[in-house]
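Hello,

Here is the structure I promised to pass on.

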Amino acid sequence: MLALIPLFPLVGFLINGSWYLFGQAPAGRKKASAQVTGTVATFFIFLSFVVSLLCFMDLWGMDPEHRFMEQVLFSWMHVGNLNIDLAFRVDSLSTLFTLVITGVGTLIHIYSIGYMSHDATPGKFFAYLNLFCFAMLVLVLGSSLPILFFGWEGVGLCSYLLIGYWYMDEDKAKAGKKAFVVNRVGDLGFLLGMFLLFSALGTLDFEVLRSAFSHGQMPHNMYEFKITVICLFLFVGCMGKSAQVPLYVWLADAMAGPTPVSALIHAATMVTSGVYMVSRLNFLYSLSSVALEVMACVGLFTAFFAATIALVQRDIKKVLAYSTVSQLGYMFLACGVGGFSAGVFHVITHAFFKALLFLGAGSVIHGMHEEQDIWKMGGLKAKMPMTYGVFWVAWMAICGIPIFSGFFSKDEILWHALSSPHGSPIFWGIGVFTAMMTAFYMTRLFFLVFMGKPRFEESHGHSAHGGGHDASHDSHSKGGVHESPAVMIIPLVVLAVLSALGGLIGIPHYNWLEHWLEPVIPAHEGLATGIDPNLEWVSMGISVLGAILGMRFAWKSYQNLGKVKGWADRFPIVHRLLENKWYVDEVYEWVIIRPIHSLSEVLWTCFDVKVIDRIVVGFGKVSGWTGGVLRFAQTGSIQTYAVMILVGLVITTGYIVYGWI
């Protein structure tokens, strides 16, 4: 039963992929449309959701100590002491991720049918989308680190294919390549962590590892320094996949892909895989205070750093991209202070409201004929009332307003940052200030897009991309701004309901989610010394007040756009730094990329051309010369060949006789 969960999207990939590669349309007939290929892809990911739901219901009825199911398909590899089975395992943690991946993934597939309706190759797009879901499901269902790593690399490949989907545009192709290369840097750390873990314990199976570290005890051949090194190497992999500083630079450029891809990558799947891996290995990280502290500091700095960049971005998808980086930082802050269940909680709520934000942004882009500059929007509340309504819910959720989903998970993280023995008032203070910035830039986005006076021409037909869906959509766009079709709006409504009510699974002191996860993630440690439990209410009140102040400041400020535009003149250095994303990409260009290019140029001209090429050419010349010499012996005369055979026999006979003597 478990194998069916990843199998169904794999079947969808094979059908749509074969359709695209081999199903050439007869003359005078169209290729398979987005409606046909999208329906096939959606059907199979929905089947995965149904099976995931059945597995969840089965787990619900089990005793917590035995709440898991495992299926071994076959022995994958057996080399020395390394024996890896291709096995899937579903438990309290992985079942939540499978439900989110398949559930939100189904909604994104449905939405894509409308969004990609004018694309030239919808079969290829939906094949990639299904393959992405297959890889992500393998990642969360794998019973060992190698199986997880197989899915880990699979989503990396699929992200390259989807981000660079419109590869004829050079910028989009570069964005896909950038995501692929940066993730490979992180994956090196992941591999080193796996190698060290296997060399120490001789296994990479999650349950065997968990039993080895049972009751918080270290195995006899392990000590804290070794555990710290292993944890930090594995965290490097998370920094790449989940876009933490300094390996976050690929995520904003991932906006080059179609908007449904942005929603799939940024909301429920790829970027949360690092949080899943850390939560799965919580028993290992809990034994290294250094690794936890590094994770918390990196997560907190990432949250703050990305939020500052989002304050001034003009591209609607770039604002949401840096928001994603910031929210991922919150998740790692939670894990770093020991609140692994709080990090998982934020993964779930973030999947709801961030998918809604990206798909809502896609609806705006669709209705605005591919315009993405929020300064060229405004007044869309009247033009796109349904999109406005669902976007409002997502705005409330990400700002952390009660009772929307983001409030509960964000508050849980901030409380852990303050009250945990691994936490600190400094962590809490920076987290609250970052939440204020989040409320500010999201209110800025919401106001500039939906409120105020329109700042666009009714029939501009502008294209911000110049390729793929965008150009073809422009050719079909007539008239002014319009609401998106029902096939795009219905998934938004479902996500809006989840964004509004999804946080109820983690109500403080009645936290169903925390109790559900206890078989995999033990209950968090007690409060730090000197922390009063009643401070939770104070923390909650301050965080909500901070969010309201950030929202109010942005709302009041952007009612006077002339005054806001003057901020750039009053603080030119700060504005330029934030607008250019702290020049991190430029630093990477000068410090890493250009030196590598220069070194490669030198190695190519001095070593490759003058040494390697000459050696290869030399072998060719030697072969030609020896062939020319031997050609004289090939006369074509039978008598000559007979004499040569006779001479050879005499020499051979003489050698043998000499050996006897």
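D373 is buried, as its relative accessible area is 14%; here buried means under 20%, exposed over 50% and partly exposed in between, with a 1.4 Å probe and protein chains only. D373 and R314 meet through their side chains in a salt bridge of 3.0 Å, N to O, a term that stands for a side-chain nitrogen of Lys or Arg within 4 Å of a carboxyl oxygen of Asp or Glu. D373 sits in the loop between helix 15 and helix 16 (380-383), and R314 in the loop between helix 13 (289-310) and helix 14 (316-336), so the pair ties together parts that are 59 residues apart in sequence. R314 itself counts as partly exposed, at 38% relative accessibility.

Before you read on, note that this is a predicted model: local features need pLDDT of at least 70, side-chain atom pairs count only at pLDDT 80 or more, and totals for chains, interfaces and linings use all residues. Residues are numbered from 1 along each chain as its sequence is written, and side-chain values use heavy atoms, with hydrogens and water left out.

The count of salt bridges comes to eleven. One of them joins R280 to D91, with the closest N and O atoms 2.7 Å apart. That pair links distant parts of the chain, R280 in helix 11 (residues 273-280) and D91 in strand 2 (residues 82-91), 189 residues apart; helices (H or I, at least four residues) and strands (E, at least two) are DSSP runs numbered from the N terminus. R280 is buried at 6% relative accessible area, and D91 is buried at 4%. R280 also lies over the face of F206, 5.7 Å from the ring centre, where the rule asks for NZ of Lys or CZ of Arg within 6 Å of the ring centre and within 35 degrees of the ring normal. R89 does likewise with F68, at 4.0 Å from the ring centre. E589 and R594 form another salt bridge, their closest N and O atoms being 3.5 Å apart. Salt bridges with shared partners also join E70, R89 and E207 into one network.

Now to the aromatic residues. There are 39 aromatic pairs, counted when rings of Phe, Tyr and Trp (its six-membered ring) have centres within 6.5 Å; planes under 30 degrees apart are stacked, over 60 edge-to-face and the rest tilted. F447 and W555 are edge-to-face, because their ring centres are 5.0 Å apart and their planes at 80°. This pair, too, links distant parts of the chain: F447 in helix 19 (residues 425-450) and W555 in helix 23 (residues 535-557), 108 residues apart. F447 is buried at 8%, whereas W555 is partly exposed at 25%. Ring pairs bring both into a cluster with Y388, F391, W395, F446 and F450.

Which residues touch the most other members of the largest nonpolar core? They are Y248, W250, L284, Y285 and L380, in a core of 194 residues; such a core is a set of buried Ala, Val, Leu, Ile, Met, Phe, Trp, Tyr and Cys residues joined through side-chain atoms within 4.5 Å. Helix 15 (residues 340-367) gives the most to this core, with 16 residues. A second, separate core has 19 residues, including A417, F427, V432 and A528.

Best wishes
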